[in-house]
Amino acid sequence: MGDESRTNLSPERRRADRARLADDVVDVLVIGGGVTGAGAALDAASRGLTVALLEARDWAAGTSSRSSKLIHGGLRYLEQFAFPLVHEALSERARLVRTIAPHLVTPLPFLLPLTKPVYQRAYFGAGVALYDVLGAAFTSGRAIPRHRHLSRKATLEAFPALRGDVVRGAIRYWDAQVDDARHTLAVVRTAAGYGARVLSSARVVGLLRDGDGPDAPVVGVHVADLTDGSSFTVRARSVIAATGVWSDDIGDMLGVSAPSLKVRASKGVHLVLPRSAIDGADLAASGGTQAGLILRTPTSVLFVIPWGERWIVGTTDTPWRLDRDHPAASSADIDYILDQVNRVLVRPVSVDDCLGVYAGLRPLLAGESDETSRLSREHAVVMPVPGLVLVAGGKYTTYRVMAEDAVDAAVEGLPGVPPSRTALLPL
Ligand SMILES: Cc1cc2nc3c(=O)[nH]c(=O)nc-3n(C[C@H](O)[C@H](O)[C@H](O)COP(=O)(O)OP(=O)(O)OC[C@H]3O[C@@H](n4cnc5c(N)ncnc54)[C@H](O)[C@@H]3O)c2cc1C
């Protein structure tokens, strides 16, 4: 984590960081303390640049604490032939498990239950084999075990809650999981260890421009300090906005004429259940680690994920046009998840079993399709005017690549900036 004494995010540190920001011109100012912004701050700070990271609420308060908490390539994207996307994400998975955060990102087995005759095993088997190949192609030693085919008997031993009359067998494959908010905080603290000045409760309310025209460069930001109601200005050579589903707000600060990123919010809901609600565990049969489930749904997939003493079950994928600070689950979302998971469970779970529910908003790049489940999971980096880089889209798993691309764009004009170091930089 860099220099230990410099990673302490105390009130004193915040006061000192804010005071220094008011005096200096930083090389790179990052708006947004989700995983992408935190990653950009770390990327820039570890290149030796002076960096500010400003978050309107708390670290990871947006989407980065509300995900399925999987570090994965996305098995389902293979069906969309998104091989480069899957390969990139699996490469990042390997880096996170082996080098960047082995203390936070742990391999996790999943059972892909088979419910149809032989052809389904062949079809899914080919997909999972390709997934393994794409995951291993990048690494010399495997960080993640290979998949295995399970008979019906072995499947029911590994996951006794599954209905024997529905499930004909399974394929067990591996991905990884992470406590997303904790990981984002670790990235912020590591950036702070490299000297980044990091302020939460600091909302960017306007862009500082050098001139009046529509192409006037961005040279800093106006900030509302939500801890005391004051405001201040930070000057920067380059500003990166990593504001997820709030990206269009930053575009709006530029004025109507500037070309920008269009980001749509797609809501995803998860239920939290006690372990006792779903009888999943036979640890000897599942290789010593509790397996999760991945289930096909009409439009996407549903995960049943072991999470400490709980299960996380989700997710959904529907457009959200209400308050982006407070996405909420509807009873239709909850019923949908229960219906989907109950298709394969011996003992159905009900709303009474739920300990909690949470909803998050995917920042999807707006495209041709109206269905959010078909919008791109890829990311984009654009520079609508000199001095401002917008980065959005992508997945939690690929935050480091997004951050590197954004910083590369931000420092293009700055002389002598070294390349990114984060691929080999432990948190
Ligand atoms: C239901 C769901 C499940 C998911 N599951 C997975 C998964 O299992 N694996 C995976 O890889 N990906 C997953 N994702 C995707 C992943 O969570 C997101 O891609 C990622 O968290 C986005 O991070 P971000 O930093 O870009 O955005 P955010 O985390 O939303 O961060 C943006 C930040 O910007 C701040 N901000 C906005 N405006 C301002 C301003 N004016 N001033 C200062 N700060 C501002 C916000 O407060 C926010 O904290 C999932 C997403 C959802 C919704």
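Biologist: Is Asp317 buried or exposed?

Modeller: Asp317 is buried, at a relative accessible area of 19%. Buried is under 20% relative accessible area, exposed is over 50%, and partly exposed is in between, with a 1.4 Å probe and protein chains only.

Biologist: What am I looking at, and how are residues numbered?

Modeller: This is a predicted model, in which local features need pLDDT of at least 70, side-chain atom pairs count only at pLDDT 80 or more, and totals for chains, interfaces and linings use all residues. Residues are numbered from 1 along each chain as its sequence is written, and side-chain values use heavy atoms, with hydrogens and water left out.

Biologist: Back to Asp317. Which residue does Asp317 form a salt bridge with?

Modeller: Arg362, with the closest N and O atoms 3.5 Å apart. A salt bridge here is a side-chain nitrogen of Lys or Arg within 4 Å of a carboxyl oxygen of Asp or Glu.

Biologist: Which residue pairs with Arg400?

Modeller: Glu404, at 3.1 Å between the closest N and O atoms. Both lie in helix 9 (residues 399-410), four residues apart, about one turn of the helix. Arg400 is buried at 6% relative accessible area, while Glu404 is partly exposed at 23%.

Biologist: New topic, the ligand. How many residues surround it?

Modeller: 36 residues, the closest being Thr36, Glu55, Ser64, Leu70 and Thr397. A residue is near a molecule if one of its heavy atoms lies within 4 Å of it.

Biologist: Which elements each supply at least two residues of that shell?

Modeller: Helix 2 (35-45), strand 8 (202-209), strand 11 (263-274) and strand 16.

Biologist: How far is the ligand from the backbone of Leu70?

Modeller: A polar backbone atom of Leu70 is 2.7 Å from a nitrogen atom of the ligand. A backbone N or O atom of Ala56 lies 3.0 Å from a ligand nitrogen, and a polar backbone atom of Val35 is 3.2 Å from a ligand oxygen.

Biologist: How much of the ligand does the protein bury?

Modeller: The protein buries 96% of the 1000 Å² that the ligand exposes when taken alone. Accessible areas come from the Shrake-Rupley method with a 1.4 Å probe; for residues, only the protein chains shown count as cover.

Biologist: Last one. Which residues form a nonpolar patch on the surface?

Modeller: Phe81, Phe83, Leu130 and Val133, with about 380 Å² of accessible area together. Patches are made of residues with over 30% relative accessible area and no salt bridge; nonpolar side chains (Val, Leu, Ile, Met, Phe, Trp, Tyr) are joined within 5 Å, like charges within 9 Å. Leu130 is in helix 4 (residues 118-136) and counts as partly exposed, at 32% relative accessibility.

Methods: Polar contact = N/O pair within 3.5 Å; in protein donor to acceptor, adjacent residues only side chain to side chain.
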